[in-house]
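Please prepare a briefing on the fold of the model shown here, with attention to its overall dimensions, its strand pairing and the packing of its helices.

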Amino acid sequence: MSNVRAKIIELKNFMDAKIIGQQDLVNKLIITLLADGNALVEGAPGLAKTKAIKTLSSSIKAQYNRIQFTPDLLPSDVTGSEIYVASKGEFEFRKGPIFANLILADEINRAPAKVQSALLEAMAERQVSVGGKKYELPELFMVLATQNPIEHEGTYNLPEAQLDRFLMYIKIDQPDAESEKKILRLVRDEISFANKQVAPMLEIDDVLNARKDALKVHMSEQVEEYLVQLIMATRHPEKYDAKMAGYVMFGASPRATLALDRCAKIHAWLREKDFVSPEDIQAVVYDILRHRIILSFEAQAEGVTTDAVISRLLKLVPLP
């Protein structure tokens, strides 16, 4: 095992020990980090969404900022603004909280469209434009956004263009009874300082090197064809199932193909494999596609979800 992969797996094991019952969330956050993407995490309050992100950031020697999104937030509260400095007789740009390596965008759907557009530029182009000038963001940059699926009062639906900029849309659920007991004991130990496990500290270069190493994982032509056919099935479901054709209004974009390729390779790399199998693609396909498939009114009326559509397509597209 390479040294850099050992460090990443050590980080994953540490996070699994701290975030009980959310191994899939931990795995997907690390995949997003190594794929140079952004993640949107949706789940009810109290499911350790924020804790998972904070635990990840505390394990990397990088700058971390948290932005609490509210309806009265302004774009300048995120990007920063130009301030007039009387002693110099000129305007000076003061950087906002977006200028960090890891950004927690808490309750992102509570901010209005102007704030979303400012964040979209940062996520898509890794830069911020203020006063006609462009300011570059760090090489290691990731937005980890959360949203609550229960309470919709005072929220703004994220536009499709911004949703598409999230590499993964991760949904999490309540832990089972056994995990609940482990959470209870873990918190008791943390309060009494009985749990003194030290977080592994990764350098920014460790993450950048891991990105390069993970993308070297081999994908055969047969598996590549399977990946492409899955994307094609979202655009032309009528080739597989006439009923499915009535459910899908728009299929996944080429950005989904690229995301699925990167994430499948990283998933295989984290399992110490040097090749991608169909199982690696299937492990990440829901998080890649669930926000990139737009359902028809018919599907919404019948209560069909994007996850149900993806599950059906996985059964219809033949394995290599």
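The points below go from the whole chain to the sheet, the hairpin and the helix pairs.

This is a predicted model, in which local features need pLDDT of at least 70 and side-chain atom pairs count only at pLDDT 80 or more, while totals for chains, interfaces and linings use all residues. Residues are numbered from 1 along each chain as its sequence is written, and side-chain values use heavy atoms, with hydrogens and water left out. The protein chain comprises 14 helices and eleven strands, where helices (H or I, at least four residues) and strands (E, at least two) are DSSP runs numbered from the N terminus.

**Overall dimensions**

- The protein chain has a radius of gyration of 21 Å, close to the 20 Å that the globule rule gives for 320 residues, so it is as compact as a globular protein of that length; the radius is taken over C-alpha atoms, and the rule is 2.2 Å times the number of residues to the power 0.38.
- Along the principal axes, the C-alpha atoms of the protein chain fill a box of roughly 70 × 45 × 40 Å.

**The parallel sheet**

- Five strands make up an open sheet with parallel pairing, in the order S2-S5-S8-S1-S9, where two strands pair if DSSP finds at least two bridges between them.
- Strands S2 (64-68) and S9 (168-171) are at the edges and have a single partner strand each, so one side of each is left without a neighbour in the sheet.
- On average, neighbouring strands of this sheet are turned by 20° against each other, direction ignored.
- Strand S5 (residues 102-106) pairs with strand S8 (residues 142-147) in the parallel sense over four bridges, and the bridge partner of Leu-104 in S8 is Leu-144.

**The hairpin**

- Strand S3 (residues 80-85) and strand S4 (residues 90-95) run antiparallel and are joined by six bridges, with Ile-83 standing opposite Glu-92 in S4.
- The hairpin of S3 and S4 has four residues between the strands, and Gly-89 takes a positive phi near 70° there.

**Helix packing**

- The axes of helix H2 (residues 23-34) and helix H3 (residues 49-58) come within 11 Å and cross at roughly 45°; axes are lines fitted to C-alpha atoms, for helices over the stretch in contact, and angles run from 0 to 180 degrees between N-to-C directions.
- H2 and H3 are therefore oblique to each other, given that angles under 35 degrees count as roughly parallel, over 145 as roughly antiparallel, 65 to 115 as roughly perpendicular and the rest as oblique.
- Leu-25, Leu-29 and Leu-33 in H2 meet Ala-52, Ile-53 and Leu-56 in H3, contact meaning heavy atoms within 4.5 Å.
- By class, this contact of H2 with H3 has six nonpolar, no polar and no charged residues; Ala, Val, Leu, Ile, Met, Phe, Trp, Tyr, Cys and Pro count as nonpolar, Asp, Glu, Lys and Arg as charged, and the others, Gly among them, as polar.
- Helix H9 (residues 221-235) and helix H12 (residues 278-289) have axes that come within 11 Å and cross at roughly 30°, which makes H9 roughly parallel to H12.
- The axes of H9 and helix H11 (residues 254-270) come within 10 Å and cross at roughly 150°, which makes H9 roughly antiparallel to H11.
- Leu-227, Ile-231 and Arg-235 of H9 make the contact with Pro-254, Ala-256, Thr-257, Leu-260 and Asp-261 of H11, and by class the contact of H9 with H11 has five nonpolar, one polar and two charged residues.
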